[in-house]
Amino acid sequence: MREIRGSGIREFFDIAQRMEDAISLGVGEPDFVTPWNIREACIFSLEKGYTSYTSNWGLLELRESLSDRIYKESCVYYEPEGEILITTGVSEAFDLALRAIVNPGDEVILHEPSYVSYKPCTTFAGGTPVCVDTGVEDEFKLKAEKLEEKITARTKAVILSYPSNPTGATLGRKDLEEIADVVNEHDLLVISDEIYGKLTYEGEHTCFSSLNGMKEQTILLNGFSKAYAMTGWRIGYAAGNKEIIEAMMKIHQYIMLCTPITAQMAAVEALRSDDEMERMVSEYNRRRRLMVEGLREIGLSCFEPKGAFYTFPSVENTGLTSEEFAKRLLLEEKVVVIPGSVFGACGEGFVRCSYAVSQYEIKEALERMGRFLDNYLR
Amino acid sequence: MKEEKQKGEILKILEENARTSDKEIARMVGLEEDEVKGIISELESGGVIRKYKAVINPEKAGIDAVQALIDVRVSPERNTGYDSVADRISRFPEVKSVRLVSGEYDLLIVVEGNTMKEVAYFVAEKIAPLEQVRNTVTHFLLKTYKENGEIYEEEEKGERLAVTL
């Protein structure tokens, strides 16, 4: 445990959490409250007395809706019984997936900059994380040839996470097919975290398991947190081949038993209608454009993110490291951004700015950042 | 097609916040500022955008105006049906809205005045005596919870953490 880096800049985060009238672009969750129909369905379920355990697999009704939904959107069919497991957030599903497939010493390839849990969870599961750097010159895409360079006899799996937190990068069908070819050739497994899939603003999100031959080799992870503004409910799912899902289920059964029934009842309602979700997605898209253009205007070079709700501008021209930039910006102008280095060494020189905040806050934050940059760019 | 979508998007933005600047709108929909200006003035002159207003919470603004919903049963006329009487009622400045509705009554109108008495007298003196009006029922508004899609008393929102990775 001692070797696992506790978040190195916790101190900075503590200041950020406490500072009053700071504008936080450091948020990693929607600013919307869960749509009322979902909350109302949950309240109703409590009134009706749905307070028990559910099947370890999760409510069958929910698994059936998910199966329909995935088929409708991606043309890949998962059997509700045996190929879908309801979990306590994607976080749990991710941990289960690694523990189910990784043998001691197995290597797991992940692309950086990436979400902070992937590396430590791999280590917790007894695996060895192997990082592939992605850069702005490739629009932060994982390139098949770069992936292939890292493959050894010990490689067990690849973690794919697009649309990406923190970069907002997405992969198109062609990019994914090239990765699938490599995966196929080396007979690897893929853990595909598609939690931001619904938040794709240009082109369509392609589910990795929908690619030719990939269903058997993919553990698809998704959930309700981002698309339906349900972060605090802790509900997600894993879908994959029976053998792996069964193995994940065994761990889940002993450590979690089941996902809270209230969250599952709410999720059933969430899948009934996408109107509210679509409304939120169009609002994110407006903010995305507002922020990207705004960042460019105040002098930061910013690659165009096409998914999630993050922008990942470069701060190299200020001569500051990303951590220094974030610290000074917080102290001088009270704007919270996350240093890119938190998401892997190759994130150095960038900061993550979330646009899951109101248009008003975006404008105010940009104004403050503009003032801050005037001192460094002149 | 694309242009229709952009128009729709601009309308949505303005409906939410009519004070959004042309520059910001241009960014959000991916157009040049001039193009946005052009589209908006087209929408204005075509009557799609009727006007820009603020949504005011009268209670907070300290405005004591009294509003009432009035159900009005009328006898339709030959040729014009309900239109002529509706038009006649619409012209009073005290009348804020006039709608033809189905059900027991025909017109549902909103009347505003400074006091309850003023509203009651207005109905009694100007609406009820109209030749086509058969009877009226007055409902005074006591409290507004939601209007035009806006909830007046915002619900409590949980505090988000300033930093989550």
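The model I am reading is a predicted one.

**Entry: the contact between the chains**

I looked up how chain A and chain B touch. Chain A puts 19 residues into the contact, and chain B puts in twelve. On the chain B side, I asked which element gives the most. That is α2(B), with three residues. I then sorted this side of chain B by class and found six nonpolar, four charged and two polar residues.

**Entry: the helix pair**

I turned to helix α2 of chain B, residues 22–29, and its partner, helix α10 of chain A, residues 275–297. Their axes are 7 Å apart, and the packing angle is about 110°. I therefore note α10(A) as roughly perpendicular to α2(B), since angles of 65 to 115 degrees count as such. The crossing of α10(A) past α2(B) is right-handed.

Next I listed the residues that make this contact. From α10(A) they are A:Arg286, A:Arg289, A:Leu290 and A:Glu293. From α2(B) they are B:Glu24, B:Arg27 and B:Met28. What classes do the residues in the contact of α10(A) with α2(B) belong to? I noted five charged residues, two nonpolar ones and no polar ones.

**Entry: domains of chain B**

Domain 1 covers 2–45 and domain 2 covers 58–143. I looked up the spacing as well: the C-alpha centres of these two domains of chain B are 36 Å apart.

Note on methods
Residues numbered from 1 in each chain as written. Chains lettered and ligands numbered in written order. Predicted model: local features only at pLDDT ≥ 70, side-chain atom pairs only at ≥ 80, totals over all residues. Domains from an automatic or database assignment. Axes fitted to C-alpha atoms, helices over the stretch in contact; angles between N-to-C directions. Helix = DSSP H or I, 4+ residues; strand = E, 2+ residues; numbered from the N terminus. Parallel < 35°, antiparallel > 145°, perpendicular 65-115°, else oblique. Left-handed = near helix turned anticlockwise from the far one by under 90°. Contact = placed C-beta atoms within 7 Å. Nonpolar A, V, L, I, M, F, W, Y, C, P; charged D, E, K, R; others polar.
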